[in-house]
Every structure is written in C-alpha cells, then in structure tokens.
Amino acid sequence: MATITAPRFLILRRSRRQIIETIGLIVLQIVMTLALITFLGPTLWMISSSLKARTEVFAVPIVWIPAVPQWGNYVEALNLLPFGRFAINTFGLCLLTMAGTLTSASMVAYSFARLRWPGRDFFFMLLLGTMMLPEIVTLIPRFIEFRWLGWVKPGTVLGILPLNYLPLTVPYWMALTPLYVFLMRQFFKGIPMELEEAALVDGASRFSILFRIILPLSKPVIATVAVFQFLQTYNDFLEPLIYIRNRNDWTLALGLRALNDVQQTGQWELLFAASTAVLLPVLLIFIFAQRFFVQGIATTGFGGR
Amino acid sequence: MAATAVLRRRRFSALAVREWLQGYLFAAPFLIGFAAFVAFPMLYSIWLMFQKWDLLSPPVFVGLRNIQRALTDELALKSLYNSAYYTFLAVPVQ
C-alpha cells in the first residue's frame, strides 16, 4: 500500500537513481565488451589463422573465416616435431607435480593448521615470505645446486624418468608452493576441530586423521590446488627450457617454441595450428574446472578462521 | 591434589612433546625443501656476490668489486631505473 501512495518526489527520486544505475550498467557493459574484444581477439585470430591457407594469414582486410578450412594444417604442424611424445612428457610432469604438491602441501598445511610445535609461526612466516621471493633471484644458484647434485646431466632415474625431470618435480614434493600450502591451511582451519578430537579419542594417528578425516572433507581445496598445479606445470616454460637437455624429453611449451625456429619459410599457419592444439587441453580444463578457479580465489580472499 | 597436578602436567607435556614431533614430521617436507632449495641458494648467491667465477675455474674472492661494478655499470643502472619506472607507472594503471 505504502508504495502506491508514496509522495510524487519519492517516485521521481527513485527513477532518477534508476537512470544513474542504468547508465552505470551501460558504461560497465561497454568497458567489459572492450576488454573481452582485447583479450579474445588475438585468441580468435590465432584459431582462425590455424585453419587458413598461407596466403590468407596476413591478408588485409583480415580474413576471419578462411575460404576453405585447412584442417591439414594441424596434421602437418603436429608432425613437424614429435608432439605426441611432448604431450606424454608434459602430462607425465603434470601428474608428478600434482601428486607431489597434493601430498606434501596437505601434510605441511595440516601441520601449520592444527599441530602446535615450537617455531611453527616463524616457519609459516618464512613460507609466506617465499611467496614474495621472485623465482629469478634463486634461479642461477639453484641451477648450480642441481648441477652439483648431478640432476642436469643426461641419464635416467631407474631407467624410467629422465634425470632432468628431477629439478622440475622434486621441489613440488617439498611443498615449495607457498600459495597452495596457504590455501590448504586456511581450508583445514575451517574444518570443525571436534571431528578430529573424536578421532583422537578413538585412537587414530595423525596420519589417519589427515588422510581419512581431513582430506575427504577437503575435496574443494584439493581440486583447486590440483587444477592450479596442472596449469602451472603445463604452462611452465623457463624451467623446462633450462633443465631439459634431450629433445625427446621436451614439454609441449618447448616444442611450441622450437616450432618458431622451424618456421624459416614463414609457415605461420602451422605455428598457429600447433598453438591452438596446445591450448586445447587448458581450455577444456578451464571449462570443466571453472568452479574451482572461482573457489580458489574466494578462499584466498576470505581465509578460514 | 599436588600429585594429580604433577601427573596431569607430566601427561600433558608428554602429549605436547609428541605433538611437537608430529608437527616437525608433517612439516618436514617443507622444512627440508626450504633449507635445500630456497635458503641454500639464497645464501649461496650472497657468497657468490663476493666471488669472481666463470663456472670453469674455481671462484676467486674479489671483495666488494662486483657491487662496485654493478653500481657503476650503465646498463645495470638503466635496467634498475626501467624496472622502477615500469612498476610505478604500470601497476597504478591496473
């Protein structure tokens, strides 16, 4: 009733506010659209160029839809170098680093979240401190250290794993991913203490508490960390470039870079085809795991308790 | 009363020590990894700061000469300036 009989000036004011809100929305829409075009434009151009004939790639005006889609570009590009091999290497490295991060980061995070030990807060500050440390700073001494450990030579570990994969994976088994430890710690802190106490009373060890109570309750943060770690390893270029010696052990990122060298004849469409193919798994993962990205960011913002 | 208090405190402290050990055990990957792959390289690079080393022959102690060289090197100063410029100009825009 009150809304109907409201004085005229109130209605006026409300509509004025609505106008301002509408203008704001329009401006926001324009800015978002411009940002979308800026970010999506080059990607779309790459995808469309991957299907072009060579003469169409740099044609003016831009050919957005190739006259005849050249699907053969993909076959040709992926056969220039052993990309199947690179894909196996990359996914292998991803699995190794994901397993390492999930195991070590969850243990360390549990220790920081629930166990009381002298020096805990100091080491937690150190952990957060490593997050600020630019990786480049320790790059050279780290390389020298790995060389001294004998991990940059050609060779294999037990005949399965290239020796050069150790510098790329071992640090991930040491929870040297501060952000993920932090995310997990915050999540663990939000799990009711009572569950754990009940398990302790029933005589469970800390290991079984972590693996049978805490981790089954932490699926969201596990998924988030797994996805982030996958992307980090998949996209990593610098470390594989520095440590991997043998071409058979290359990752997709290195293969893509090498394709640039092969392109002496200006076969840009092949480079774009390979790039699109390498982008595809990331795109799929993003589409299926978008929820976890958002969760990961939300967890960073709000923390636990 | 006194006996129970002592008993309780002793039991508590035994539990506490147990928890300490478990804490160190669970944090061990990070503690070891940090020492090996973060702290050591950092200290090592501080040590290298005072050495002249071409990676082939053994390093030679040169005192503060490397720092002197860096501070008088035009390219190094220019790149420092560029980083600062980039950071203070580009970050506020974002």
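Predicted model: local features only at pLDDT ≥ 70, side-chain atom pairs only at ≥ 80, totals over all residues.
**Arg120(A) and its partner**

I started at Arg120(A), which counts as buried at 18% relative accessibility (buried is under 20% relative accessible area, exposed over 50%, partly exposed in between, with a 1.4 Å probe and protein chains only). Its salt-bridge partner is Asp121(A), with 3.5 Å between the closest N and O atoms. For a salt bridge I need a side-chain nitrogen of Lys or Arg within 4 Å of a carboxyl oxygen of Asp or Glu. Asp121(A), for its part, is exposed, with a relative accessible area of 54%.

**Ground rules**

Residues are numbered from 1 along each chain as its sequence is written, chains are lettered from A and ligands numbered from 1 in the order in which they are written, and side-chain values use heavy atoms, with hydrogens and water left out.

**Other salt bridges**

How many salt bridges does the structure hold over all chains? I get 5. One of them joins the side chains of Glu196(A) and Arg114(A) at 2.3 Å, N to O. That pair links distant parts of the chain, 82 residues apart: Glu196(A) sits in helix H8 (residues 193-201) of chain A and Arg114(A) in helix H3 (residues 83-114) of chain A. Helices here are DSSP runs (H or I, at least four residues), as are strands (E, at least two), numbered from the N terminus. I checked burial too: Glu196(A) and Arg114(A) are both buried.

Next I looked at Glu19(B) and Arg206(A), whose closest N and O atoms are 4.0 Å apart in a salt bridge. This one crosses between chains, from helix H1 (residues 2-48) of chain B to helix H9 (residues 206-214) of chain A. Both Glu19(B) and Arg206(A) are buried.

Which residues are linked in a network of salt bridges? I list Arg114(A), Arg116(A), Glu196(A), Arg206(A) and Glu19(B).

**Chain B overall**

I counted 3 helices and 2 strands in chain B, running α-β-β-α-α from the N terminus on. Of the 94 residues in chain B, 19% are buried. Chain B exposes about 7,700 Å², and carbon and sulfur atoms supply 71% of that (Shrake-Rupley method, 1.4 Å probe; for residues, only the protein chains shown count as cover).

**Leu36(A)**

Last stop: Leu36(A) lies in helix H1 (residues 8-49) of chain A. I have it as exposed, with a relative accessible area of 52%.
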